[in-house]
Amino acid sequence: MSLLVKNLVHLYEGGNSGLKGVDLTIERGRKFVLLGANGAGKTTLLLHFAGVLKPQKGSIFLDGAPLNYTRQGLIALRSRLCLVFQDPDDQLFAPTVFQDVSFGPLNLGLDTDVVRRRVEASLAALDIEDLSNRPTCLLSWGQKKKVAIAGALAMEPEYLVLDEPTAGLDMEGTDSLLAVLDLLAQRGTTLIISTNDTEFAFGFADEAAVLADGRTVRQGAPEDVLSDGSALSNGCLRMPLVLEVGQYLRHCHLTTGSLPRQRHQLMAALKAAFVLAPGEEIKAVVR
């Protein structure tokens, strides 16, 4: 069961770059990260996933069935797949945070008590319960971002699609968001995230793909995709430092087993490689 994209084409008015034949397979239950430079077509592709844009050529299949663009078909799609826009101002419209987060579940026809529980749980997951009665127009950018994500969480979708979700968030906000996403993944939610942050992609994704000039350049395991110099060059991307250092340690036979995926794992590998005592700084050895 998956989200399947076959030869997807979409050109904007005037022939401006959009999608020029994208092929992707995103398996259910995976953490999938879509990488590429600004203008590569990432947002355009995500808008197709949610049925906001309709393919000019090619097809999208959700769990084996082509997307249905009738009104009822789109309602059914958006009850299963939720898109969080990069700019939260494109998504928030209700007077208060509680009303905005509750809008989607109410449209599903859920009982008001069920809606309230979902909204409260979503706000709590992002640690923004105190914003419940706040006017959305008075929120900061980071707060708006969290509220937009909370609105998607309240829908309890099978597929959660996020366009540059960490943009505009500070370190604490990013860490809390990633904790929520990891929890959703453990519960079986399929996560599809666009970004140009290769460090994030390498530490988070089960699978990654690079998009460049509206085409799929490479798809596969993060280690393979983010080690591919040609794919990275085409996507105007840089190899993650954690991966680069990890590969160097392996090349020098200073580490064995799986490569470190996140910063704390890399630090542990470095300490083990240089036989550091607990609390000893790496710089003391390197110097």
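Me: Why is threonine 198 called buried in this predicted model?
Reply: Threonine 198 has a relative accessible area of 8%. The cut-off for buried is under 20%, so threonine 198 counts as buried.

Me: Where is threonine 198, and what does threonine 198 touch?
Reply: Threonine 198 is placed in helix H7, residues 198–204. Leaving out residues up to four places away in sequence, threonine 198 touches Leu35, Leu226, Leu237, Arg238, Met239 and Pro240.

Me: What makes leucine 123 buried?
Reply: Its relative accessibility is 3%. Buried means under 20%, and leucine 123 is therefore counted as buried. Leucine 123 belongs to helix H4. Apart from neighbours within four places in sequence, leucine 123 is in contact with Val97, Val101, Ile128, Glu129, Ser132 and Ala150.

Me: How far is leucine 123 from proline 165?
Reply: Their C-alpha atoms are separated by 16 Å, and the two residues are 42 residues apart along the chain.

Me: Which hand does the crossing of H3 and H4 have, and which residues make the contact?
Reply: H3 passes H4 in a right-handed crossing. From H3, the contact is made by Val97, Phe98, Val101, Ser102, Pro105 and Leu106. From H4, Val115, Arg116, Val119, Ser122 and Leu123 take part. By class, the residues of this contact between H3 and H4 are eight nonpolar, two polar and one charged.

Me: Which residues of H3 are buried, and what covers them?
Reply: In H3, the residues Val97, Phe98, Asp100, Val101, Ser102, Gly104 and Pro105 are buried. The cover over the buried residues of H3 includes H4 and helix H5 (141–153). After H3 comes glycine 109, with a positive phi near 80°.

Me: What makes H10 and H11 roughly parallel?
Reply: The axes of H10 (residues 241–251) and H11 (residues 263–273) cross at roughly 25° and come within 10 Å. Angles under 35 degrees count as roughly parallel, so H10 and H11 are roughly parallel to each other.

Me: Which hand does the crossing of H10 and H11 have, and what makes up the contact?
Reply: The crossing of H10 and H11 is left-handed. H10 contributes Val242, Val245, Gly246 and Leu249, while H11 contributes Arg263, Leu266, Ala269, Leu270 and Ala273. The residues of the contact of H10 with H11 are seven nonpolar, one polar and one charged.

Me: Why is serine 258 called exposed?
Reply: Serine 258 has 69% relative accessibility. Exposed means over 50%, so serine 258 counts as exposed. Serine 258 is in the loop between H10 and H11. The C-alpha atoms of serine 258 and glutamine 56 are separated by 42 Å, and these residues are 202 residues apart along the chain.

Me: How many disulfides does a search of the whole structure find?
Reply: A disulfide is a covalent bond between the sulfur atoms of two cysteines. The search of the whole structure finds zero disulfides.

Me: Why are cysteine 137 and cysteine 236 each called exposed?
Reply: The cut-off for exposed is over 50%. Cysteine 137 has a relative accessible area of 61%, so cysteine 137 is exposed. Cysteine 236, at 63% relative accessibility, therefore counts as exposed.

Me: What makes the phi of asparagine 7 and of aspartate 213 worth a note?
Reply: Most residues other than glycine have a negative phi. Asparagine 7, a residue other than glycine, has a positive phi near 50°. Aspartate 213 is not a glycine either, and its phi is positive, about 50°.

Me: Where are asparagine 7 and aspartate 213?
Reply: Asparagine 7 is in strand S1 (residues 2–10). Aspartate 213 is in the loop between strand S9 (207–212) and strand S10 (215–220).

Me: Why are asparagine 7 and aspartate 213 each called partly exposed?
Reply: Partly exposed lies between the buried cut-off, under 20%, and the exposed cut-off, over 50%. Asparagine 7 has a relative accessible area of 33%, so asparagine 7 is partly exposed. With a relative accessible area of 40%, aspartate 213 is therefore partly exposed.

Definitions and conventions. Residues numbered from 1 in each chain as written. Predicted model: local features only at pLDDT ≥ 70, side-chain atom pairs only at ≥ 80, totals over all residues. Heavy atoms only, no water. Left-handed = near helix turned anticlockwise from the far one by under 90°. Helix = DSSP H or I, 4+ residues; strand = E, 2+ residues; numbered from the N terminus. Contact = heavy atoms within 4.5 Å. Nonpolar A, V, L, I, M, F, W, Y, C, P; charged D, E, K, R; others polar. Axes fitted to C-alpha atoms, helices over the stretch in contact; angles between N-to-C directions. Parallel < 35°, antiparallel > 145°, perpendicular 65-115°, else oblique. Disulfide = S-S within 2.5 Å. Buried < 20%, exposed > 50% of the residue type's maximum accessible area, 1.4 Å probe, protein only.
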